[in-house]
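Here is a friendly walk through one protein model. Have the sequence and the coordinates open as you read.

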Amino acid sequence: MDLDRAQAFADAWVADWNSHDLDRIMTRYADDVVFRSPLAARLVEGSHGVIRGSAALRAYWAEGLRRNPGLHFDLLGVYAGVDCVVINFRHQDGRRSCEVLVLDGDLVVSGWGTHAPPPT
């Protein structure tokens, strides 16, 4: 993946999340996506932080959006790998996170949500 493609994907990803439109967000994810996040471990009982499939991911993110009506991401940095993109962003509360997203074509097939400690 070249940096221009990674930047375009990240710009669209942030705009999708800031729209709060779950249908729009989900267009970037494959049906068989696997997503891992410590937040999922807290929100989805029995998941151990691993969400499998787009239906489960949709349910997880629907709950996240419900709990965070003021959700807003600011893009801080974008990093390109062979078949992945890393999106570094700041939440509305100042927390910083990165998502590591592996793509097959234009769809995310695997992802990791990573989070820094809350700002002091």
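Predicted model: local features only at pLDDT ≥ 70, side-chain atom pairs only at ≥ 80, totals over all residues.

Residues are numbered from 1 along each chain as its sequence is written, and side-chain values use heavy atoms, with hydrogens and water left out. Helices (H or I, at least four residues) and strands (E, at least two) are DSSP runs, numbered from the N terminus.

**Helix H4**

Let us begin with H4, which spans residues 54-67 and has 14 residues. From first C-alpha to last, H4 reaches 20 Å, close to the 20 Å expected at 1.5 Å a residue; the expected span is 1.5 Å times one less than the number of residues. Which residues of H4 are buried? They are Ser 54, Leu 57, Tyr 60, Trp 61, Gly 64 and Leu 65. They cover an arc of only 135 degrees around the axis, which puts them on the same side of H4; the arc is that of the directions from the helix axis to the C-beta atoms. Here, buried means under 20% relative accessible area, exposed over 50%, and partly exposed in between (1.4 Å probe, protein chains only).

The face of H4 turned away from the buried side carries Ala 55, Arg 66 and Arg 67, which are exposed. The cover over the buried residues of H4 includes helices H1 (3-19), H2 (22-26) and H3 (38-43), along with strands S1 (29-36) and S2 (50-52). Contact means heavy atoms within 4.5 Å.

**The nonpolar core**

In soluble globular proteins, nonpolar side chains tend to be buried together. A nonpolar core is a set of buried Ala, Val, Leu, Ile, Met, Phe, Trp, Tyr and Cys residues joined through side-chain atoms within 4.5 Å. The largest one in this model has 27 residues, and those with the most contacts inside it are Trp 13, Tyr 29, Leu 57, Trp 61 and Leu 101. At least two residues of this core come from each of H1, H2, S1, H4, S3 (73-80), S4 (84-91) and S5 (96-104). H1 supplies the largest share, six residues.

What does Trp 13 touch, not counting residues up to four places away in sequence? Its partners are Arg 28, Tyr 29, Phe 73, Ile 87, Phe 89, Glu 99 and Leu 101.

**Salt bridges**

The structure holds seven salt bridges, each a side-chain nitrogen of Lys or Arg within 4 Å of a carboxyl oxygen of Asp or Glu. The table shows some of them.

| Pair | Distance, N to O |
|---|---|
| Arg 5 and Asp 106 | 3.5 Å |
| Arg 24 and Asp 16 | 2.7 Å |
| Glu 63 and Arg 66 | 2.6 Å |

Arg 5 lies in helix H1 and Asp 106 in the loop between S5 and strand S6 (107-115), so this pair ties together parts that are 101 residues apart in sequence. Arg 5 is partly exposed at 35% relative accessibility, whereas Asp 106 is exposed at 58%.

Asp 16, Arg 24 and Arg 28 are linked in a network of salt bridges.

Glu 63 and Arg 66 both lie in H4, three residues apart, about one turn of the helix. Glu 63 is partly exposed at 22%, while Arg 66 is exposed at 56%.

**Strand pairs**

Two strands pair if DSSP finds at least two bridges between them. S4 and S5 run antiparallel and are joined by seven bridges, with Phe 89 opposite Ser 97 in S5. Four residues lie between S4 and S5 in their hairpin, and Gly 94 in the turn has a positive phi of about 95 degrees.

S5 also pairs with S6, in the antiparallel sense over eight bridges. Glu 99 stands opposite Gly 113 in S6. The hairpin of S5 and S6 has two residues between the strands, and Gly 105 takes a positive phi near 70 degrees.

**Asp 83**

Where is Asp 83 found? Asp 83 sits in the loop between S3 and S4 and is partly exposed at 38% relative accessibility. Not counting residues up to four places away in sequence, Asp 83 touches Leu 101, Val 102 and Leu 103. Asp 83 and Leu 71 are 12 residues apart in sequence and 28 Å apart in space, C-alpha to C-alpha.
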